[in-house]
Amino acid sequence: MANLVYKRVSTDQQSTARQNLVLAEAEGWLGEVEGIDLTLTFLRQKRNQTRRLARVTPAHLGMPGMPAPSET
């Protein structure tokens with residue numbers, strides 16, 4: 001579920017960033033273009049990391065043992 005939510009947010013952010021990139025390029029805002037490029041790079045890296053981690057099988061650690069109550 002969390003992966004689905006992240007995917008939706010990430011996709012929305014990428015779409016918005018791409019729209020802003022087109023506007024920044026049209027207006028000649030070079031600093032803004034660089035910042036948006038960095039954002040898109042970060043989002044791609046994060047998406048790839050999420051996909052990679054989703055393939056890893058979690059280790060079953062079991063329940064920790066509880067010490068027996070000491071008799072006094």
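Me: Is Arg18 buried, exposed or partly exposed, and how do I read that?

Reply: The class follows from relative accessible area: under 20% is buried, over 50% is exposed, and partly exposed lies in between. In this predicted model, Arg18 has 45% relative accessibility, so it counts as partly exposed. Arg18 has its place in helix 1.

Me: What about Gln14, buried or exposed?

Reply: Use the cut-off again: buried means under 20% relative accessible area. Gln14 comes out at 6%, so it is buried. Gln14 also lies in helix 1.

Me: Which residues does Gln14 touch?

Reply: Leaving out residues up to four places away in sequence, Gln14 touches Leu40, Leu43, Arg44 and Arg47. Two of these names, Leu40 and Leu43, come back among the buried residues of helix 2, together with Val33 and Ile36.

Me: Which residues make up the largest nonpolar core?

Reply: The general idea first: in soluble globular proteins, nonpolar side chains tend to be buried together. Here, the largest such core has six residues: Ala17, Leu21, Ala24, Val33, Ile36 and Leu40. Helix 1 (2-27) and helix 2 (30-55) are the elements that each give two or more residues to this core. For a closer look, take Val33: beyond its sequence neighbours up to four places away, Val33 touches Leu21, Ala24 and Glu25.

Me: How many residues does helix 2 have, and what does its reach tell me?

Reply: Compare the end-to-end reach with the expected span. Helix 2 has 26 residues and spans 38 Å from first C-alpha to last, close to the 38 Å expected at 1.5 Å a residue.

Me: And the protein overall: how many helices and strands are there?

Reply: Two helices and zero strands. Of its 72 residues, 12% count as buried. The accessible surface is about 6,400 Å², with 59% of that belonging to carbon and sulfur atoms.

How values were computed: Residues numbered from 1 in each chain as written. Predicted model: local features only at pLDDT ≥ 70, side-chain atom pairs only at ≥ 80, totals over all residues. Heavy atoms only, no water. Core = buried A, V, L, I, M, F, W, Y, C linked by side-chain atoms within 4.5 Å. Buried < 20%, exposed > 50% of the residue type's maximum accessible area, 1.4 Å probe, protein only. Helix = DSSP H or I, 4+ residues; strand = E, 2+ residues; numbered from the N terminus. Contact = heavy atoms within 4.5 Å. Areas by Shrake-Rupley, 256 points an atom, 1.4 Å probe, with all protein chains shown as cover. Expected span 1.5 Å × (residues − 1).
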